[in-house]
Amino acid sequence: MSAGAARRATAPSDAECIAALAERSLVLEIDTYPKPGLVSHVDTGSHADMDAATFARSAAVLRPYFAELAEAGARDADMAVLRKIGLRAEHAMLAATGGVNTHRGAIFGLGLLCAAAGRRTVPGTAACAMTLGAFVAQRWGTDILGGPRLPDSHGERASRRYGVGGARREAADGFATVYGVGLPALRRARRSVPGDPEAARVDACFALIAALDDTNLLHRGGQAGLDFARATARAFVARGGIRARDWRLRAAAAHRAFVARRLSPGGAADLLAMSVFVDALEADEVGR
């Protein structure tokens, strides 16, 4: 075998590259502090049953399933096929974490984006001319809204009780909060404070908390908890976010306030990881 053939034989596939970016986005979400109430590389936030190592194990075990989802997307698989892969990914996550739900929301949202990214690797398909989110909405949006629900999940219960769309609506709408809030905030912050990507992710996280009807917050704190979280995040953003001189002190204070109330904006954390993923894959399509 020639040297060129050997390189081609051992080069990672498109699906493997997509999955590596998905895992990296989950790792970078954990490597972000301060994120109000959330687990990070510094502390466990409002959680007693998980830490950064738990999330790292989960992200690593999910990588091959993200590759499967990308491969299925490349084949133009329907939602039923994607759902089966996602369920196997959830089982693997729970096995790796001792039953702790670290990434169920990310499996759903990031998994759909991986499938869309897989479809984009096929030249001439509609996905090549669309954002990942727009393709998810067009190809699978109806099935996302009409698919089976988990009536006992915290997110589903909060969605029904408070009348918010939750992760299902976010995906069916093409991840409007990722493209309208998370991704622009990430890129603005990176331009404003170059050389500090962690700070840019903090800024994006606060922007997402300020905008999102987070079912995790509704589950833990009810409407009052969501209102407190959004008001705190909006105040941080209004003061200039990470462009303010005292931003680290103010972000850490917000983190402590969330922990004191046992609030954890897990939906915003998932959307932060998705924003990082989309940023990596669509870097040439949306101006930095």
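**Packing and pairing in a predicted model**

Colleague: Which residues touch the most other members of the largest nonpolar core?

Modeller: They are Phe66, Leu82, Leu112, Trp140 and Phe175, in a core of 79 residues. Helix α10 is the largest contributor to this core, giving ten residues. A nonpolar core is a set of buried Ala, Val, Leu, Ile, Met, Phe, Trp, Tyr and Cys residues joined through side-chain atoms within 4.5 Å. Buried means under 20% relative accessible area, exposed means over 50%, and partly exposed lies in between (1.4 Å probe, protein chains only).

Colleague: Before we go on, what kind of model is this, and which values count?

Modeller: It is a predicted model, in which local features need pLDDT of at least 70 and side-chain atom pairs count only at pLDDT 80 or more, while totals for chains, interfaces and linings use all residues. Residues are numbered from 1 along each chain as its sequence is written, and side-chain values use heavy atoms, with hydrogens and water left out.

Colleague: And why would nonpolar side chains sit together?

Modeller: In soluble globular proteins, nonpolar side chains tend to be buried together.

Colleague: Back to Phe66, then. What does Phe66 touch?

Modeller: Leaving aside residues up to four places away in sequence, Phe66 touches Ala19, Ala22, Leu26, Ala106, Ile107, Leu110, Gly111 and Cys114. There is also a second, separate core of five residues, among them Ile30, Val39, Met50 and Val100. Contact here means heavy atoms within 4.5 Å.

Colleague: Let us change topic. How many aromatic pairs are there?

Modeller: The count is three aromatic pairs. One of them joins Phe206 and Phe236, which are stacked at 3.9 Å centre to centre with 25 degrees between the planes. Phe206 lies in helix α10 and Phe236 in helix α11, so this pair ties together parts 30 residues apart in sequence. Rings of Phe, Tyr and Trp (its six-membered ring) pair if their centres lie within 6.5 Å; planes under 30 degrees apart count as stacked, over 60 as edge-to-face and the rest as tilted. Helices are DSSP runs (H or I, at least four residues), as are strands (E, at least two), numbered from the N terminus.

Colleague: What sits over the ring of Phe228?

Modeller: The charged end of Arg261 does, 3.9 Å from the ring centre. A charge sits over a ring if NZ of Lys or CZ of Arg is within 6 Å of the ring centre and within 35 degrees of the ring normal.

Colleague: Now the charged pairs. How many salt bridges are there?

Modeller: There are 13 salt bridges, a salt bridge being a side-chain nitrogen of Lys or Arg within 4 Å of a carboxyl oxygen of Asp or Glu. In one of them, Arg104 meets Glu90 at 3.1 Å, N to O. Arg104 is in helix α5 (residues 104-120) and Glu90 in helix α4 (residues 79-97), 14 residues apart. Arg104 is partly exposed at 30% relative accessibility, while Glu90 is buried at 14%.

Colleague: Which residue forms a salt bridge with Asp203?

Modeller: Arg243 does, with the closest N and O atoms 3.1 Å apart. Asp203 lies in helix α10 and Arg243 in the loop between α11 (215-238) and α12, so the pair ties together parts 40 residues apart in sequence. Asp203 is buried at 7%, but Arg243 is partly exposed at 43%. Asp203 also touches Ala185, Ala189, Phe236, Gly241 and Ile242, not counting residues up to four places away in sequence.

Colleague: Which residues are linked in a network of salt bridges?

Modeller: Arg187, Arg190 and Asp279 are linked in this way.

Colleague: One last item: how many residues of α13 are buried?

Modeller: In α13, 14 of the 16 residues are buried, which leaves the helix mostly covered. Helix α13 (residues 266-281) reaches 23 Å from its first C-alpha to its last, close to the 22 Å expected. The expected span is 1.5 Å times one less than the number of residues.
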